[in-house]
Amino acid sequence: MSDSDQQPADRHDDQKSPPEATTHRTRFSVIWIIPIVALAIAAWLGWQGLSRRGPEVTIEFDTADGLTAGQTQVKQKSVGLGTVQSVVLSKDLKQVEVHVQMNAQAAPLLTDHAKFWVVRPRLNGINISGLETLLSGAFIAIDPGAPGGRPATRFKGLEAPPDVRSDEPGRSYTLMTDSIGAIGQGAPVFFRNVVVGEVLGYTIPAGGIGLIPVKVFVREPYDHDIRQDTRFWDVSGVQVEVGPSGFHLQIQSLQAVLSGGVAFGLPPQRRENPAPEATDNANFKLFASKGDADLAGYREQTKFVTYLRGSVQGLAVGSPVDMFGFQIGNVTGIQLAVDPRRGQAQVRVSMVVQPERFLSEDQITQNPPLTSVQAMVNNGMRAETNTSSLLTGASMMSMTFVPNAAPVKVTTEGDEIVLPSQSGTGLVGIEDALSGLSTKLSSMPLDQIGQNLNSLLSHADSTVNDPDLKQALHELNQSMQSVQHLVAQTNRGAGPLMQRLPEMSRQLQQTIAHANEALNSYSGDSNFHRDLDQALEQLNETATSLRTLADFLKRHPSSLLFGRNGP
């Protein structure tokens, strides 16, 4: 049998009885646990990373100072919300772009209301912030802003921290002023010397024309103290005031000196009945000082004007107007009024008086201003300038009542009442009086008066130095001595007669004294002639007495021994 025949037979046998297959169980190797666990951990970590991963945002800053890729974090209330991935320059090379990978927790905060800024050590006036970054390094802070914003991934970073955070309760207000002074961003807002807010900033109007709006923020609960009639005033720097009450130096605080400041409060006349509470973003006027703010609290304002023909040196806008030492208003305008046709010039002074300072509401209502002013003018009220400070030479307007003043008809110029005036009694008035006195002295013929005095003195000199007069006085002195000697000898028996001789002696002594005084008065004394006439009159009286005595002794010589009524 050939091989070819044998092969088909074998295939036939195989088809009939196939061999039985045997199976063996494969054992699970422990080594597969490790990659399975690693794969599970990797999957879990990947899922965790993807679930915590938030959007990637780009923040533009002017500088990348303190920012480091892979290290600098984005925080909100010290909670990390992301990490800086890279810091690159912008295409125009003017800014830097910071790419930050935020986490999922930060996703709801990334709206167009969000604000970013770099927290680093800063010095603003006397406020120091960001000192914690000296050791930990700078970080990027985020303020989510008000809710309701649209999602965003690109932001413009702030170069300075915002003054008001979105989570800080309070209200914002706008103050209008014509000069910003020393007030700057971050300046404090004071209420009763307590810092209750800060200045957010200001905007210069286009073209520099108009008032400057200053934005301020007042924290809760102090924002409820701001009423519709609240007054704001500037407290920047050091305020020095020299007035009638003396020298005043006021400093709100060291912070206000360095960075400026704003204060607010109610006027004194409004504290008992304040207005309703002011709304958010309400507008107020910013006054230059507390005094100006208090003046604005008076509702009644009566305008006056007066014309002065004297100097108004030292008088300025804002100078007080007083009556009997009490301030009742302020000067609002000073203008030189010249009438070229008449050739006259005078000063027009405008004033505002607050009747609430000295009248009750009922008195103001029942008495019209013009009627009240006319009654006071009829009683002698006049406007004049007065000195308010001798140290600075400042002046003020005073309402003075002049006795026996002639009645004057009070007129008006528009809504202003015209008051009659008189010369001031202060330094200006004294200067005017001295000027008038100087004019009168200049008009006196002083040269002629001097010549007459010289002529009078020359005649008096020739009279006093006359030798005959000196000889007569010498002989009179000798006669006086003789009479005194006679009185001494006859005092015992003369009796009543001797009572007359002492009187004669006194008269002679007075005569001698006046004569000597007349001789010694030659030094241009204007009373020379009067003294000389009195001395001569007394000499005549003495001579008359001596003649009477001589006649009596001739008729009664025994009276020297027995007296006038002797035997």
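Where is Pro-221 found? Pro-221 sits in the loop between β13 (212-219) and β14 (231-234); helices here (H or I, at least four residues) and strands (E, at least two) are DSSP runs, numbered from the N terminus. Glu-220 and Pro-221 are joined by a cis peptide bond, with omega about 10 degrees.

Before the rest, some ground rules. You're looking at a predicted model, where local features need pLDDT of at least 70, side-chain atom pairs count only at pLDDT 80 or more, and totals for chains, interfaces and linings use all residues. Residues are numbered from 1 along each chain as its sequence is written, and side-chain values use heavy atoms, with hydrogens and water left out.

**Exercise 1. Find out which residues of α7 are buried, and what covers them.**

Step 1: the buried residues of α7 are Val-373, Gln-374 and Val-377.

Step 2: they lie on the same side of α7, because they cover an arc of only 100 degrees around the axis. That arc is taken from the directions from the helix axis to the C-beta atoms. An α-helix has 3.6 residues a turn, so residues three or four places apart point the same way.

Step 3: the cover over these residues includes β19 (302-308), β23 (381-387) and β26 (416-419).

Step 4: zoom in on Val-373, which has a relative accessible area of 4%. Leaving aside neighbours within four places in sequence, Val-373 is in contact with Phe-304, Met-381, Val-410, Ile-417 and Leu-419. Ile-417 is 44 residues away in sequence, yet the two C-alpha atoms are 8.5 Å apart.

Step 5: Gly-380 follows α7 and has a positive phi, near 105 degrees.

**Exercise 2. Work out where the side chain of Gln-101 goes.**

Step 1: Gln-101 belongs to strand β4 (residues 96-103).

Step 2: at 12% relative accessible area, Gln-101 is buried.

Step 3: a polar atom of the Gln-101 side chain lies 2.6 Å from the backbone oxygen of Gly-54.

Step 4: beyond neighbours within four places in sequence, the residues in contact with Gln-101 include Arg-53, Pro-55, Leu-81 and Thr-83.

**Exercise 3. Follow the salt bridges.**

Step 1: A salt bridge is a side-chain nitrogen of Lys or Arg within 4 Å of a carboxyl oxygen of Asp or Glu. The count by this rule is 10 salt bridges.

Step 2: take Lys-156 and Asp-62, whose closest N and O atoms are 3.7 Å apart. Lys-156 is in strand β9 (residues 154-156) and Asp-62 in the loop between β1 (53-61) and β2, so to speak a link between distant parts of the chain, 94 residues apart. Lys-156 is partly exposed at 45%, and Asp-62 is partly exposed at 44%.

Step 3: Arg-171 and Asp-223 meet at 3.5 Å, N to O. Arg-171 is in strand β10 (residues 170-177), while Asp-223 is in the loop between β13 and β14, 52 residues apart. Asp-223 is buried, at 3%.

Step 4: Glu-413 pairs with Arg-348 at 3.0 Å. Glu-413 lies in strand β25 (residues 411-413) and Arg-348 in strand β22 (residues 344-353), so the pair ties together parts 65 residues apart in sequence. Glu-413 is partly exposed at 30%, whereas Arg-348 is buried at 17%.

Step 5: finish with the network of salt bridges that links Glu-60, Glu-97 and Arg-154.

Terms used:
Buried means under 20% relative accessible area, exposed over 50%, partly exposed in between (1.4 Å probe, protein chains only). A polar contact is a pair of N or O atoms within 3.5 Å; within protein, one must be able to donate a hydrogen and the other to accept it, and residues adjacent in sequence count only if both atoms are side-chain atoms. Contact means heavy atoms within 4.5 Å.
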